[in-house]
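Subject: Structure for you to look through

Dear colleague,

I am passing on the structure we talked about, together with some notes on what was found in it. Please keep the sequence and the 3D view open beside this message while you read.

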Amino acid sequence: MRMQSTLENFRLAIVALSSNWLRAFLTILGITIGVSAVVLLLSVGRAFERFVVNEFFDIGTDTIAVFGSEGERGDFEPLTQSDLEALSDPLRVPDAILTTAFLDLSGREVTYEDRSTEPSIFGLTTEYREFDNRDVAAGRYIDAEDNEGAARVAVLGSSAVENLFPPGLPPLGQTVRISGIPFRVIGVMTEGGSGGFADLDNSVFVPIRTGQTRLTTQRAVNGDPIVTQILLQARSQDAVDSLVDQITVTLREEHDIDFSGEDDFVISTAEDLLDSFGTILRYLTYFLAAIASISLIVGGIGIMNIMLVTVTERTKEIGLRKAVGAKNSDILLQFVTEAILLALIGGGVGIAIAGAAGAAVSAIVPAFDVTLETFSVILAVGISTLIGVVFGLFPARRAANLNPIDALRYE
């Protein structure tokens, strides 16, 4: 009996809405825009989170990064060449199968004849090649002899080549100047390097020893050349924790830190970075979705508006139904059903639009696999139903509380 009553309410709601289809369409449009925006933002946010995770997997989840930090006196303590050599010792750090470092020298002008640019500039060890996910398109990479001799040679990213050289001019063998110092181009990298979110295509690589001796005067307090970051690769994912312990012990010994002193360096694993980025992206996605949900409130107000108008237009109908025995709860349920139906139709169309928009984003940017999340769809349906109930309840109560005699006399 209750099922038949519910179905009858939906039938009456469809008839009532179809009699004013244009007004119903405009009301549904507000809910549609809100639901599609919320669902699409949540889906794109999740797709971007998966993209970030894949980027880290490309770098390697067994990779550990070490940075300088503040010392006990509050001064920044950079990592040094001695730290790099200590962490490269297999007797002190046996769980590392690869150790490398880079020196960030960005902010310097690179010129070729009358052309100039300011790309990212990095001083690299030879081993850094293992962390670069690109190939050498022409020439060669920096080798051990280049570093030992502090050679003035450079490897360019594809974008740096385009910015420095005129079309058709082979860059190999040409001389570019970094802060006025000449460097011979020995290699060009292929496109598509991310390097952990840095644009390596618009970069210039030089031997780290060359950078330390010719492009910067920065030194540690003891006069040792500095490095920006040291990267280590564990022999396996299971060995990451033990490798972190070995790095900690080695650097504390190198920096003469006693048992009660605080570390003047920071060790970061891929899992740490993933957790941090994941949290940031999740909150950012929720924040954007919350902003988009404002349009849902606007759509809900639209539903309340059309239902108030409907109650006014159908006052005589309400009086007639009450006169033949309809209860207040029957009238209330009828108008709430109409409001819910408006919201559900808008939500369904919004989900379909979000799905189409997500497919379009995936087609344009293949790296983003935008798929509708089950959670997003359930949330959209739930929000749509809630909007229908909340914003339809006041007009429905107004209709249910009409005096049948006054309603029949209404003109």
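Which residues make a nonpolar surface patch of about 650 Å²? The patch is made by Trp-21, Leu-22, Phe-25, Leu-26, Leu-29 and Ile-33. A patch here consists of residues with over 30% relative accessible area and no salt bridge, where like charges are joined within 9 Å and nonpolar side chains (Val, Leu, Ile, Met, Phe, Trp, Tyr) within 5 Å. Accessible areas come from the Shrake-Rupley method with a 1.4 Å probe, and for residues only the protein chains shown count as cover.

Before going further, please keep in mind that this is a predicted model, in which local features need pLDDT of at least 70 and side-chain atom pairs count only at pLDDT 80 or more, while totals for chains, interfaces and linings use all residues. Residues are numbered from 1 along each chain as its sequence is written, and side-chain values use heavy atoms, with hydrogens and water left out.

In soluble globular proteins, nonpolar side chains tend to be buried together.

If neighbours within four places in sequence are left aside, Leu-156 is in contact (heavy atoms within 4.5 Å) with a list of residues that includes Val-161, Leu-164, Phe-165, Val-188 and Val-204. Thr-63, in strand β1 (residues 63-70), counts as buried because its relative accessibility is 9%. Not counting residues up to four places away in sequence, Thr-63 touches Phe-131, Leu-231, Leu-232, Ser-268, Thr-269 and Ala-270.

The strands deserve a slow look as well. Two strands pair if DSSP finds at least two bridges between them. Strand β4 (residues 96-104) is mostly covered, with seven of its nine residues buried. Six bridges join β4 to strand β14 (residues 229-234) in an antiparallel arrangement, and in this pairing Phe-102 stands opposite Gln-229. Strand β4 is also joined to strand β7 (residues 120-124), again antiparallel, by three bridges, with Gly-123 as the bridge partner of Leu-103.

Strand β11 (residues 181-189) is joined to strand β8 (residues 136-139) by three bridges, and the two run antiparallel; here Val-136 stands opposite Met-189. Strand β9 (residues 153-156) runs parallel to β11, with four bridges between them, and Val-153 has Arg-184 as its bridge partner. Strand β10 (residues 175-178) runs antiparallel to β11, also with four bridges. In the hairpin of β10 and β11, which has two residues between the strands, Ser-179 takes a positive phi near 55°.

Lastly, which residue forms a salt bridge with Arg-134? The partner is Asp-201, with the closest N and O atoms 3.7 Å apart, a salt bridge being a side-chain nitrogen of Lys or Arg within 4 Å of a carboxyl oxygen of Asp or Glu. This pair links distant parts of the chain, 67 residues apart: Arg-134 lies in the loop between β7 and β8, and Asp-201 in the loop between β11 and β12 (203-207). Both Arg-134 and Asp-201 are buried. By this rule the count comes to nine salt bridges. Among them, Arg-140 meets Asp-143 at 3.2 Å, N to O, and Asp-146 at 2.8 Å, N to O. Asp-146 counts as buried because its relative accessibility is 6%, whereas Arg-140 is partly exposed, with a relative accessible area of 32%.

With best wishes

Key. Buried means under 20% relative accessible area, exposed over 50%, partly exposed in between (1.4 Å probe, protein chains only).
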